[in-house]
Amino acid sequence: MSRPEDCELKSLHDAVEWKDLDSLESLLKDGSDPNTADKKGRTALNFICSLTKLMKIDLKMIQLLIQFGADDYFE
């Protein structure tokens, strides 16, 4: 699934959902908090880890989130 070009990613969760590694990195470098939770209480890292099938891009996003201080603790 590809996102429309005019769709601006405004949160880490958006970048993770669209599997957009470049946007994820840009948001993190611009100061987005990797531990911000969505309405369901999930961080971007929690969201990725809840997927049933991880792809190579997911593993790269996990690594990037942890590099920028994502808390890997999940209840």
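A salt bridge is taken here as a side-chain nitrogen of Lys or Arg within 4 Å of a carboxyl oxygen of Asp or Glu. The model examined is a predicted one, and by this criterion the structure holds 3 salt bridges. One of them joins Lys19 to Asp58, with the closest N and O atoms 2.6 Å apart. Lys19 sits in the loop between helix H1 (12-17) and H2, while Asp58 belongs to helix H4 (residues 56-67), so this pair ties together parts that are 39 residues apart in sequence. The two partners can also be described by their accessibility. Lys19 is partly exposed, its relative accessible area being 30%, whereas Asp58 has a relative accessible area of 0% and is buried.

Another salt bridge lies within a helix. Glu25 pairs with Lys29, and their closest N and O atoms are 3.3 Å apart. Both residues are part of helix H2, where a spacing of 4 residues corresponds to about one turn of the helix. Glu25 is partly exposed at a relative accessible area of 29%; Lys29, at 58%, is exposed, because the cut-off for that class is over 50%.

The side chains of Arg42 and Asp38 also meet in a salt bridge, with an N to O distance of 3.2 Å. Here Arg42 has a relative accessibility of 22% and counts as partly exposed, and Asp38, with 23%, counts as partly exposed too. Leaving aside residues up to four places away in sequence, Thr43 touches His13, Pro34, Asn35, Thr36 and Ala37.

Attention now turns to helix packing. Two packed helices are described by the angle between their axes and the distance between the axes. For H2 and H4, the angle is about 5 degrees and the axes are 10 Å apart. The two helices are therefore roughly parallel to each other, as angles under 35 degrees fall in that class. On the H2 side, the contact is made by Leu21, Leu24, Glu25 and Leu28, and on the H4 side by Ile57, Lys60, Met61, Leu64 and Leu65. Sorted by class, this contact of H2 with H4 comprises 7 nonpolar and 2 charged residues, with no polar ones.

Notes: Residues are numbered from 1 along each chain as its sequence is written. This is a predicted model: local features need pLDDT of at least 70, side-chain atom pairs count only at pLDDT 80 or more; totals for chains, interfaces and linings use all residues. Side-chain values use heavy atoms; hydrogens and water are left out. Contact means heavy atoms within 4.5 Å. Buried means under 20% relative accessible area, exposed over 50%, partly exposed in between (1.4 Å probe, protein chains only). Axes are lines fitted to C-alpha atoms, for helices over the stretch in contact, and angles run from 0 to 180 degrees between N-to-C directions. Angles under 35 degrees count as roughly parallel, over 145 as roughly antiparallel, 65 to 115 as roughly perpendicular and the rest as oblique. Ala, Val, Leu, Ile, Met, Phe, Trp, Tyr, Cys and Pro count as nonpolar, Asp, Glu, Lys and Arg as charged, and the others, Gly among them, as polar.
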